[in-house]
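Dear colleague,

Please find below the sequence and structure that I am handing over to you. My findings follow directly after them.

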Amino acid sequence: MSAARHSLAWVAGAALAFIWAQRGLAADSSNSVDRYRASAQGLIVEISAPRDDVIRVRAGRDRLPEDASWAVLPAVRTHHQNMALTQTGPTVQLRTAALIVRLNTATLELEIDDAAGHVVLADASRRSLVITPGAAGAPDSIELRKKMPADAHYFGLGDKTGPLDRRGGAFTLWNTDASQFSESTDPLYKSIPFMLGVAETGGSVGVLFDNTWRSHFDFGKSERDTLLIGAEGGPVDYYVLAGAGPKAVIETYAELTGTAPLAPLWALGFQQSRYSYATDAEARAIARRLRGDRIPADVLYLDIDYQDRNRPFTVSSQAFPDLPGFIADLGAMHLRTVLITDLHIARAPDEHYAPYDSGAAQGVFLERPDGSPYVGKVWPGDSVFPDFSRTSVREWWGGLYADFVHAGAAGFWNDMNEPALFDVRSKTMPLDTVHRIEEAGFEPRQASHAEMHNVYGMLNSRATYEGLLKLAPDRRPFVLTRASYAGGQRYAATWTGDNTSTWNHLRLSIAMLNNLGLSGFAYAGDDIGGFSGPGPSPELLTRWIEIGAFNPIFRDHCEKGKTAQEPWVGGPIQEAIRRRYIEERYRLMPYLYALAEENSRTGLPLMRPVFLEFPQQVARTGPGGNADQFMLGPDLLVTPAPIGESPDPYLVSLPGSGWYDYWTGVRQNLAEVTETPRLDRLPVWVRPGSIIPREPLVQSTAELPRGNLQLWVYPGPDCVGHLYVDDGVSLAYRSGDYLRQSIRCRTEENVTIVEFDAREGRYQPWWHEIELTVHGVAGSPRRVVLAEHTVASRFDAKTQTLHIRLPDQPGVSQLRIEAAP
Ligand code: MIG
């Protein structure tokens with residue numbers, strides 16, 4: 001039988017596959033299939049390969065589950081690479097260019113190996129796939145059991161608390177308003193059923209368990225060295241991603257679920273929020289103080305108290321008599337306004353409340369099984385809830401933003417979208433609340449809240465994102481969401497919810513943000529200073545701002561009734577330290593923005609655990625290792641004290657030697673450094689082999705920097721840096737209105753060479769000159785040459801730096817620094 005006929009048979013249906021699996025083929029027979037199905041023990045399993053390095057497994061009792069997904073992009077999900085099929089006894093082998101799948105057709109046990117024969121992921125040897133029929137019409141529950149190699153470490157699942165490495169932990173995925181969560185609270189706000197396994201001996205694996213029901217991942221907690229993945233309903237539908245290292249898996253995950261679109265530049269600035277700046281006067285005073293104290297900032301948030309009776313899409317005419325005027329005045333101060341818009345709509349018929357009236361007229365709200373509207377209590381009192389599983393309802397929701405967009409609001413904040421409900425023990429709506437799925441790729445059908453709960457917040461933020469894009473088609477939307485699901489990075493940034501003002505929460509935030517980044521959510525932050533509890537001590541707030549300055553999203557936010565925690569609270573000495581760190585973030589903006597642009601292409605997060613850059617360091621993710629450290633991009637390593645409140649010296653170990661101290665520029669020849677904590681110093685290190693672009697200080701990204709682009713060069717292996725610039729707010733970059741350029745350096749004999757690659761794109765930069773600072777230079781050079789002309793340079797013996805000023809280098813060019821003999 002020809003390969004072509006064989007795959008055609010598969011497209012036609014499962015029946016033939018079933019017969020083949022039953023009959024068995026001769027050991028040497030080889031065929032190409034684009035999907036393979038086998039049946040045994042009342043189960044049917046389908047194996048396919050959306051890419052050579054990704055295996056998808058679907059299974060069900062008697063029949064396969066619906067082939068649809070909220071997370072995985074249709075183009076990848078519906079693509080099927082051919083797999084070469086051979087069979088030996090009961091074992092079928094399916095081979096892609098990168099992987100070999102072995103399926104025992106009698107037991108349905110599965111093993112996936114890479115082309116070199118290393119195991120990527122293998123089933124545990126019994127009960128590896130169990131589907132338990134639900135009693136009395138309840139859904140089937142499912143459980144997968146996989147082996148956990150002794151040297152493997154596990155990450156992902158978004159911002160679950162606990163140690164960075166999830167091995168030994170067990171987690172439930174069920175979006176929950178977990179206010180005042182602690183380090184042992186689970187579940188939390190988001191459900192991102194994606195894990196990354198990294199072996200000390202090399203090789204990485206990702207598993208996306210694409211099931212929206214209440215589910216769990218148990219990393220050897222209940223059963224030593226066994227990974228359990230299961231759910232209380234829904235499909236067996238999972239993807240195994242194989243990669244030579246963790247970066248490859250993260251990039252493949254981005255191919256499956258998409259990347260975050262490039263954020264507006266201002267989203268990377270300092271954001272000031274609180275629950276709530278309740279009046280126009282109070283909010284203006286904060287804006288004036290930020291500017292008066294010269295604290296660089298880009299965003300001010302309005303929390304629920306700007307609204308009329310907590311009704312989303314209204315404005316209190318007492319608190320904010322002229323919201324458009326307020327937004328415009330803040331704009332003149334180079335501050336953008338982000339408005340909260342919760343999804344619960346007040347049930348207020350005949351009160352001229354447009355979101356209710358138009359929603360009720362169009363039938364957008366969720367219903368009870370008897371067809372009556374579901375009504376629950378939240379901020380506005382009795383509320384109804386849009387059914388975001390319908391495309392038409394998402395369009396209706398998106399339209400609600402028209403007035404705020406026209407009033408000039410820059411971004412929107414989707415809170416409470418787990419969804420959160422008051423006065424009920426479950427904290428959410430009844431599981432039998434009826435959704436109606438009307439979405440391309442899905443069969444139109446009713447779905448229970450049990451199925452839709454975990455994806456509800458993501459669809460809320462999607463509706464917001466898509467609505468904003470429609471209302472302002474050339475503006476990059478900014479949405480901040482609390483709840484989400486795998487793939488939600490396509491629509492919104494996120495934060496870790498209601499943390500507490502403690503040193504422990506500050507420490508927790510590092511593992512939470514690192515794991516969010518590994519789970520697709522590159523734009524993530526935590527409430528700087530802590531949301532709940534008594535206010536932070538001045539020292540805690542200072543350290544939190546220092547660390548937050550190197551986080552992807554940098555937002556100071558806290559609860560109602562709490563003492564204030566803006567950067568000036570605690571006195572001028574603290575404020576001066578905090579200002580210095582916020583300023584440093586603004587100086588680093590070209591580096592941050594180039595990371596954001598990289599993320600939009602590759603999915604690599606801005607904030608990274610050390611092992612993402614140095615996979616052999618994964619062995620050090622346990623206690624006493626480097627789990628309290630993080631990297632911002634590939635080049636900056638931030639090493640706060642493991643016990644933030646302790647004055648005791650601590651040991652920082654660097655991945656290799658030759659790292660530069662970011663603050664002093666001095667090269668460190670040891671791989672271990674003792675740090676004595678000092679409140680004004682957060683230790684940051686630069687990888688040898690980096691070129692970090694910087695800009696002159698501005699008070700907001702709305703200001704064009706005045707002066708020169710700065711390139712800080714730190715010679716070392718594989719030396720490279722990247723520039724990315726565009727207008728920061730529009731989508732013109734998609735049609736060529738951007739500037740991208742790489743700069744490299746290398747040292748040959750006595751010559752250090754800095755090379756400018758060709759520039760891509762047509763965007764005209766804000767600078768005309770470049771100031772180069774080369775670190776780790778031993779002495780004054782013999783000469784510096786650019787295109788055969790000698791260039792002036794200034795050597796600073798104290799800092800061992802060489803300073804060179806060049807005209808902008810838009811084309812390929814080479815600068816040679818010749819050391820004195
Ligand atoms: O029930 O909008 O996590 O950031 O300030 C609390 C008020 C509702 C919870 C969010 C928090 C926000 C608060 N919200």
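I begin with Ser-653, which is buried at a relative accessible area of 12% (buried means under 20% relative accessible area, exposed over 50% and partly exposed in between, with a 1.4 Å probe and protein chains only). Please note that this is a predicted model, in which local features need pLDDT of at least 70 and side-chain atom pairs count only at pLDDT 80 or more, while totals for chains, interfaces and linings use all residues. Residues are numbered from 1 along each chain as its sequence is written, and side-chain values use heavy atoms, with hydrogens and water left out.

Ser-653 belongs to strand β36, residues 650-653 (strands, E, of at least two residues and helices, H or I, of at least four are DSSP runs, numbered from the N terminus). Its side chain makes a polar contact of 3.0 Å with that of Arg-620 (a pair of N or O atoms within 3.5 Å; within protein, one must be able to donate a hydrogen and the other to accept it, and residues adjacent in sequence count only if both atoms are side-chain atoms). Leaving aside residues up to four places away in sequence, Ser-653 touches Arg-620, Gln-629, Ala-671 and Glu-672 (contact means heavy atoms within 4.5 Å).

Leu-540 sits in helix α12, which covers residues 538-548. Again not counting residues up to four places away in sequence, Leu-540 touches Ser-501, Thr-502, Trp-503 and Leu-506.

The ligand site comes next. There are 13 residues around the ligand, of which Asp-303, Asp-415, Arg-482, Asp-498 and His-557 come nearest (a residue is near a molecule if one of its heavy atoms lies within 4 Å of it). An N or O atom in the side chain of Asp-303 is 2.5 Å from an oxygen atom of the ligand. For Arg-482, a polar side-chain atom lies 2.9 Å from a ligand oxygen atom. His-557 likewise places a polar side-chain atom 2.9 Å from an oxygen atom of the ligand. Of the 350 Å² of accessible area that the ligand has on its own, the protein covers 94% (areas come from the Shrake-Rupley method with a 1.4 Å probe; for residues, only the protein chains shown count as cover). The shell around the ligand consists of 8 nonpolar, 1 polar and 4 charged residues (Ala, Val, Leu, Ile, Met, Phe, Trp, Tyr, Cys and Pro count as nonpolar, Asp, Glu, Lys and Arg as charged, and the others, Gly among them, as polar).

Some backbone features also deserve mention. Most residues other than glycine have a negative phi, and most peptide bonds are trans. Tyr-275 and Ser-276 are joined by a cis peptide bond with omega about -10°, and Ser-276 is found in the loop between β19 (270-272) and α5 (280-292). Another cis peptide bond, with omega about -5°, joins Glu-418 and Pro-419; Pro-419 is in the loop between β25 (411-414) and β26 (434-437).

Gln-41 has a positive phi near 50° and lies in the loop between β2 (36-40) and β3 (43-51). Gln-41 is exposed, since its relative accessible area is 60%. The phi of His-352 is positive too, near 55°, and His-352 counts as exposed at 76% relative accessibility.

With kind regards
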